[in-house]
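Good morning, and thank you for coming.

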Amino acid sequence: MSWWDRKPEERAQWVLDPLVGVGPLRFGMDSDEVKAALGGVDNGGGQVSADGEFWVPYGDLGVTGIYKQGMLLVAVAINALDGPLVRLGDVELIGRVPSEVRSDIHELACREGVSVRLNWSGDPEIAAWGVSMGTAQEWQMSPERELQRQDAVITSALLVGPELAEDPYAAVPVIHWQDVREQEKSNGTWPVTDDHDRPLWEWTPLKSVGPLRFGMSPLEVSAALDGEAPAGRQGQFAHWWHGKSWPWTLAEERFERAGVSAHYWYQEGVPVLGAVDLHGRTGPQVVYAGIRLVGMTPSSVNAALFQHIETHELGLIFGLDGDIGLYNFNMYSRVTRAGDSLVSAARFCAADWEDQG
């Protein structure tokens, strides 16, 4: 059964035993024991690192097992949309409004005398329980049986054993599953810039957006953004299994003051600009066919784009994470979290750039 056909009452009901296990899983189990505890479900792939850590998504259960060397379970990630509904004491952790879960967690923590801090995403993290909360975009099935992304986020969770509890997202096994070290860190608030305070950028499809032209070098990108230095950079080694013995390649730079991210590719052996993200909360505004693309309610932007595409008989494409785009234009309407809700963002790409989420 797919997650969109599964009613809430049909999802597994698990109880968290802090630092010990969750549902039928216990930290320290090997991968065969985990598979057996989950009813022998086939896994959905996963990846093994050079140093022996690995992670495995389990079928349609909405559960990912994260393992250290020796194939021993050290963390369990619970998906917001289709994972088990995990309860800690009297608090339901999964698939809920984040601010409501945050309030319930703080109340329970106060009663039990444990401290709550914020993790990288601005969500509650409690070392004493081995809990680090997260969120995912909410989706629902329409009456016409079409999946539609909603204007809200709902809660997910990373649950860990005692050896990772002090800083789960800095632990090597978790880094192999989701490396957030270069991601923008949140302080637990998500202010959204008023539309009239955003600069208005022009977009020339496949060529440029605002002052940024596809094909620019990283230095030219920084100069075009009034000399702003990137607040964060992401990249990878050419062959991850050899680590730092191979050259590092630049993939993305984030510019917080400008509210944009620059994505690079290597058509001729050097990094050049291939795509630009305009951040939903703080980025510049672009207006296309009268549609304001950035900082708006995602459902309203999607509806306007669908109407425009239908009226003008244009092509529609879908990117990763459900982003919708204009065929032959290489523009994608995206989303950015703003607390419990989402605001629209946008990605503009050069010709031949493939959407990479």
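Let us begin with L19, whose relative accessible area of 27% makes it partly exposed. Please bear in mind throughout that this is a predicted model. L19 sits in the loop that runs between β1 (13-17) and β2 (21-22). Its backbone deserves attention: the phi angle of L19 is near 70°, a positive value in a residue that is not glycine. For those new to the subject, most residues other than glycine have a negative phi.

D352 has a phi of about 75°, and it is not a glycine either. Is D352 buried or exposed? Its relative accessibility is 69%, and the cut-off for exposed is over 50%, so D352 counts as exposed.

Let me now step back to the chain as a whole. The protein chain contains five helices and 26 strands. Its radius of gyration is 21 Å, close to the 21 Å given by the globule rule for 357 residues, so the chain is as compact as a globular protein of that length. Taken along the principal axes, the C-alpha atoms fill a box of roughly 55 × 55 × 40 Å.

How much of the chain is buried? Of the 357 residues, 46% count as buried. The chain exposes about 17200 Å², and carbon and sulfur atoms supply 51% of that area. Turning to contacts, consider those in the chain with a separation of 6 or more: residues 24 or more positions apart account for 51% of them.

We can now look inside. How many cavities of 30 Å³ or more are counted? The count comes to one. The volume of the largest cavity is about 40 Å³. Two elements, α2 (98-112) and β12 (131-141), each give two or more residues to its lining. The residues lining the largest cavity are P98, V101, R102, D123, P124, M133, G134, T135 and T155. Sorted by class, this lining has four nonpolar, three polar and two charged residues.

P124 lies in strand β11, which covers residues 124-126. With a relative accessibility of 4%, P124 counts as buried, since buried means under 20%. Setting aside neighbours within four places in sequence, P124 is in contact with R102, I105, V116, R117, N119, V131, S132 and M133. By way of contrast, consider P124 and D195: they are 71 residues apart in sequence, and their C-alpha atoms are 30 Å apart in space.

To close, please keep two residues in mind as you return to the display. L19 is partly exposed, whereas P124 is buried. Thank you for your attention.

Technical notes
Residues numbered from 1 in each chain as written. Predicted model: local features only at pLDDT ≥ 70, side-chain atom pairs only at ≥ 80, totals over all residues. Heavy atoms only, no water. 1 Å grid on protein atoms, 1.4 Å probe; cavity = no way out; pocket = protein on both sides within 12 Å on 5 of 7 lines; lining within 4 Å. Points joined across faces, edges and corners; volume = space filled by probe spheres on them. Helix = DSSP H or I, 4+ residues; strand = E, 2+ residues; numbered from the N terminus. Nonpolar A, V, L, I, M, F, W, Y, C, P; charged D, E, K, R; others polar. Rg over C-alpha atoms; globule rule 2.2 N^0.38 Å. Buried < 20%, exposed > 50% of the residue type's maximum accessible area, 1.4 Å probe, protein only. Contact = heavy atoms within 4.5 Å. Areas by Shrake-Rupley, 256 points an atom, 1.4 Å probe, with all protein chains shown as cover.
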